Amino acid sequence: MNDCPFCNLDKQTKAILPLNIIDRYEVNILHSGKYLRIIPDIAPVIPFHILIVPNEHVFSMQTLSDYAKMELSVLKEKVSSFYKAINGKPALFFEHGSCNGDGNSACIIHAHLHCLPYSKRAYEQFYNRSNSSLTALISKQKHENYLQFEYCERTYYWEDNTEKKQFFRQLVSETEGNQRGIWQICLYSSESADNKAWVSECVYRWNNYFNKD
Ligand SMILES: [Zn+2]
Ligand SMILES: [Zn+2]
């Protein structure tokens, strides 16, 4: 897809950012796998916000091949071990539904899994807020559009029945009391000065932890 930032990762900044702030964001790929990549979120809701992104332009993680799903499990473990090492918090993973154009809360038109180091206490609030505004799915297989999150081996699939864009980003932002929910706004808001510092810190700590140059 020509206009998809994740399909044009080397040109990501040009695809989504205006010229005057391009040089504030370099492209950082933390890990390149056969089927998926790990990159820092350029508009992190909290520090160490990371994305796992399929190399192929697919609409949801559910549509990945079995091999790609196996790689996804390995990469989630990798991110979890990183979080454990840097601040001892478990990973919260979430996906903004199937971005096939009619998903209500889609974040960007290319599947991606958000990863955040998240305390148990913050997770309880996050879970309760999700539970009060979403309807859990009985069978994820029957649904094309869904919202999904996973924390400490527990996975929940929800019907994508919310009109709220970037639903889980917004929930985390509300729980944290910041203005970083919508990534496009986060890039330009008064808090945007933190973005580059947070991304750099994430890349530095990641490389350090995995002994990369
Ligand atoms: Zn794409
Ligand atoms: Zn998203």
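Biologist: What makes Cys152 count as exposed?

Modeller: Cys152 has 11 C-beta neighbours inside 10 Å, so the residue counts as exposed. This is a predicted model, in which local features need pLDDT of at least 70, side-chain atom pairs count only at pLDDT 80 or more, and totals for chains, interfaces and linings use all residues. Residues are numbered from 1 along each chain as its sequence is written, while chains are lettered from A and ligands numbered from 1 in the order in which they are written.

Biologist: Where does Cys152 lie, and what is its phi?

Modeller: Cys152 belongs to the loop between β6 and β7. Its phi is near 45°, a positive value in a residue other than glycine.

Biologist: Is Phe48 buried or exposed, and how do you know?

Modeller: Phe48 has 23 other C-beta atoms within 10 Å, and therefore is buried. Phe48 is found in the loop between β2 and β3, and has a positive phi of about 70° although it is not a glycine.

Biologist: What are the helices and strands of the protein chain, and how many are there?

Modeller: Both are DSSP runs numbered from the N terminus: helices are H or I with at least four residues, and strands are E with at least two. By that rule the protein chain has 7 helices and 7 strands. Along the sequence they follow the pattern α-α-β-β-β-α-β-β-α-β-β-α-α-α.

Biologist: Which order do the strands take in the sheet?

Modeller: Strands pair if DSSP finds at least two bridges between them. The open sheet of 7 strands has the order β1-β2-β3-β5-β4-β6-β7, with antiparallel pairing. β1 (31-32) and β7 (154-159) each have a single partner strand, so these two stand at the edges, and one side of each is left without a neighbour in the sheet.

Biologist: How do you know that β6 and β7 pair?

Modeller: Strand β6 (residues 146-151) is joined to β7 over 6 bridges in the antiparallel sense, against the requirement of at least two. Within this pair, Glu150 is opposite Thr155 in β7.

Biologist: Why is β3 described as largely enclosed?

Modeller: 5 of the 5 residues of β3 are buried, so the strand is largely enclosed by the rest of the structure. β3 runs antiparallel to β2, with 5 bridges, and antiparallel to β5, with 3 bridges. Ile52 of β3 stands opposite Ile38 and opposite Leu113 in β5.

Biologist: Which residues have the most contacts inside the largest nonpolar core?

Modeller: A nonpolar core is a set of buried Ala, Val, Leu, Ile, Met, Phe, Trp, Tyr and Cys residues joined through C-beta atoms within 7 Å. The largest such core has 44 residues, and Ile52, Val79 and Cys115 have the most contacts inside it. Two residues are in contact if their C-beta atoms, placed from the backbone, lie within 7 Å. Leaving aside residues up to four places away in sequence, Cys115 touches Ile50, Leu51, Ile52, Val79, Ala91 and Phe93.

Biologist: How do you know that the buried residues of α3 lie on the same side?

Modeller: The buried residues of α3 are Leu75, Val79, Phe82 and Tyr83. They cover an arc of only 95° around the axis, which puts them on the same side of α3; the arc is that of the directions from the helix axis to the C-beta atoms. An α-helix has 3.6 residues a turn, so residues three or four places apart point the same way. The face of α3 turned away from the buried side carries exposed residues, including Asp66, Met70 and Glu77.

Biologist: What do the buried residues of α3 pack against?

Modeller: They pack against β1, β2, β3, β4, β5 and α7 (193-209).

Biologist: How many residues has α3, and what span is expected?

Modeller: The expected span is 1.5 Å times one less than the number of residues. α3 has 22 residues and reaches 32 Å from first C-alpha to last, close to the 32 Å expected.

Terms used. Buried ≥ 20, exposed ≤ 12 C-beta atoms within 10 Å, placed from the backbone.
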